[in-house]
Amino acid sequence: MTTQTLPIAVLGAGPVGLAAAAHLLARGLEPIVLEAGERVGANALEWGHVRMFSPWKMNHDRASVALLEAEGWEAPPAEEFPTGRDLVERYLEPLAATQAIAPRVRLGARVTAVSRLGFDRMKTSGREQAAFLVRLEGATGEEELLASAVIDATGTWRSPNPLGASGLPALGEKALAGQVFYGIPDVLERHRQRYAGRRVLVVGSGHSAFNAVLDLYDLARQELGTELIWAVRRPSIERLFGGGERDQLAARGRLGGKLGELVRSGRIRVETGFHLDRLSRGARGVVAWDGDRALPEVDEIVATTGLRPDRGLLAELRLDLDEATEAPRALAPLIDPNDHSCGTVRPHGVDELSHPEPGLYVVGMKSYGRAPTFLLATGYEQVRSVAAALAGDWKAAREVQLVLPETGVCATGFGRPSELPAVESVGCGCG
C-alpha cells in the first residue's frame, strides 16, 4: 500500500467519530473507526440517564442522516430532548449498523498510541510522507495498523479533573478514591443504594454539578437521612444559574432558574469560596478541607470538576496547543470560557484544528481541551470541514457555516428537576 491508499483512522465511535466516518465516505475516502468500548457511544452510555438540553434537531449530522434515511431510518421527534442512552440506541447504533459504516467499525479496539512509521517525535526529514502508525489493544492483544491520516474523536469523558483546586489531586484524594465518584452518578436508579440515606458532598459549579445536585435533592426528598452539601470555588452564586429567558435553549434556561430557586430558598446548602486542597478521614466519614476550613463529614463525594484531554495517545506527534486550554493554538482564543459561551464561538474548521503534524486532527470535545462549552453541532461541522480538506476540497473545507443558539451564560445554568427536560453535563449538548 502507498500512504495515499491507506485508510483514515478515526479514533472513537461516538457521535462525532461516526459523523467523521460518514463525511469521509461521502467524499469517497476510506475510514476505519476504532472504539475502545464494546458498544458504539460507550462514553455517552456512562451518562445515559442524563437528558440533553438540546433537542434531536440539533444533535443530528447531515451526512449521517443521509446514510440512515437511505436504509429506512425514521428520525425521532425533532423537538424531543434525548437522554444519553437515547442518543446511542436511537441514533448511533442504527448509524453504526448501516451498510456503509458497519464493516468499518472495530469495537473493543483501544488505541494506546499514535506515531509516524519509522519516525519518533524528533525526526523531521521525510516525516510528512510517512504513514501514521496506530497501536491498539484488542481481543487478541497488541497490534498495529497504518493510516494515511488520523482523526482523534476520543473525547475527554474518561479523564476527569481531580478535586484539588490547584489542578492536582487533593492531598488524600487517591487514598480515599473509593468514596469519590467522578462524573454524574445515576443516584435515582443505578447508583441509588450508594447514596440513599447517606451524606454527600458535590464539588464543582458546572454542568455536571447541576445534574448531580438536583438528582441528589430529589433523592433526599425520597430517602430519609440523605443529606447534601454543594461546594463551589466561586465567591458568589449570583451568576451561577444561566441566562434564564435569554437562553435560546429554553429548557436549559428554565432548569437554571429552578435550581436557583432551590438554592436561594435554602433548600440546598451551598458552600461558596471553597478551594478544596485536602481530604482526611474523620470519625464518621470524609472531611474536605480548604486550608483550615473544614466541611462537615460526609460518606460520599461527587467530583464534578470538569474534564481534560488525555494527550498521552499523541505524545509522539507534533502538536501546537494553547498552554491554558490545551486546545489547538488557533482555536483557543475562540473558545476560552473566560471570554466565550458556546453561543459566541464563531464557526471554525480545518484551519483552526490543524497541527504541525499534517494529517492529524483532534475533533469533538477533545479539540476544546479543558474548555467546557462544546455543542455536538460544532463537532459535526468540524468533521465536515476536515473531511473536505482530506479530500483536497479546500474551498469547501474553509466555507464553514454554523449557527449556534445564544445562551445567556452558556457555561452554567443546568440541572435536572424531574418535572422539566433534563440537560447533559458534558459541555453544551455534546456527547
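Mentor: Two strands pair if DSSP finds at least two bridges between them, and with that in mind we can go through this predicted model.

Trainee: How many bridges join strand S1 to S2?

Mentor: Strand S1 (residues 8-11) and S2 run parallel, and Val10 stands opposite Val33 in S2. S1, helix H1 (residues 15-26) and S2 make a right-handed β-α-β unit. The number of bridges that join S1 to S2 is four.

Trainee: Which residue in S3 stands opposite Val33?

Mentor: S2 also pairs with strand S3 (residues 105-106), in the parallel sense and over two bridges. Within that pairing, the residue of S3 that stands opposite Val33 is Val105.

Trainee: Which residues of strand S2 point the other way from Pro31 and Val33?

Mentor: In a regular strand the side chains alternate between the two faces of the sheet. In strand S2 (residues 31-34), Pro31 and Val33 point one way, and all the residues on both sides are buried. Those that point the other way are Ile32 and Leu34.

Trainee: Are the rings of Phe210 and Trp230 stacked or edge-to-face?

Mentor: A search of the whole structure finds four aromatic pairs. The rings of Phe210 and Trp230 have centres 5.8 Å apart and planes at 80°, and an angle over 60 degrees is the cut-off that matters here. The pair links distant parts of the chain, with Phe210 in helix H6 (residues 207-222) and Trp230 in strand S10 (residues 227-231), 20 residues apart. Because the planes stand at 80°, the pair is edge-to-face.

Trainee: What is the relative accessible area of Phe374?

Mentor: The rings of Tyr368 and Phe374 have their centres 5.0 Å apart and their planes at 85°, so this pair is edge-to-face. Tyr368 counts as buried at 1% relative accessibility, and Phe374 is buried with a relative accessible area of 0%.

Trainee: Over the ring of which residue does the charged end of Arg116 sit?

Mentor: Elsewhere, Arg278 lies over the face of Trp289, at 4.3 Å from the ring centre. For Arg116, the charged end sits 3.9 Å from the centre of a ring, and that ring belongs to Phe132.

Technical notes: Residues numbered from 1 in each chain as written. Predicted model: local features only at pLDDT ≥ 70, side-chain atom pairs only at ≥ 80, totals over all residues. Heavy atoms only, no water. Phe/Tyr/Trp six-rings, centres within 6.5 Å; stacked < 30°, edge-to-face > 60°. Buried < 20%, exposed > 50% of the residue type's maximum accessible area, 1.4 Å probe, protein only. Lys NZ or Arg CZ within 6 Å of the ring centre and 35° of its normal. Right-handed = clockwise from strand over helix to strand, strands pointing away.
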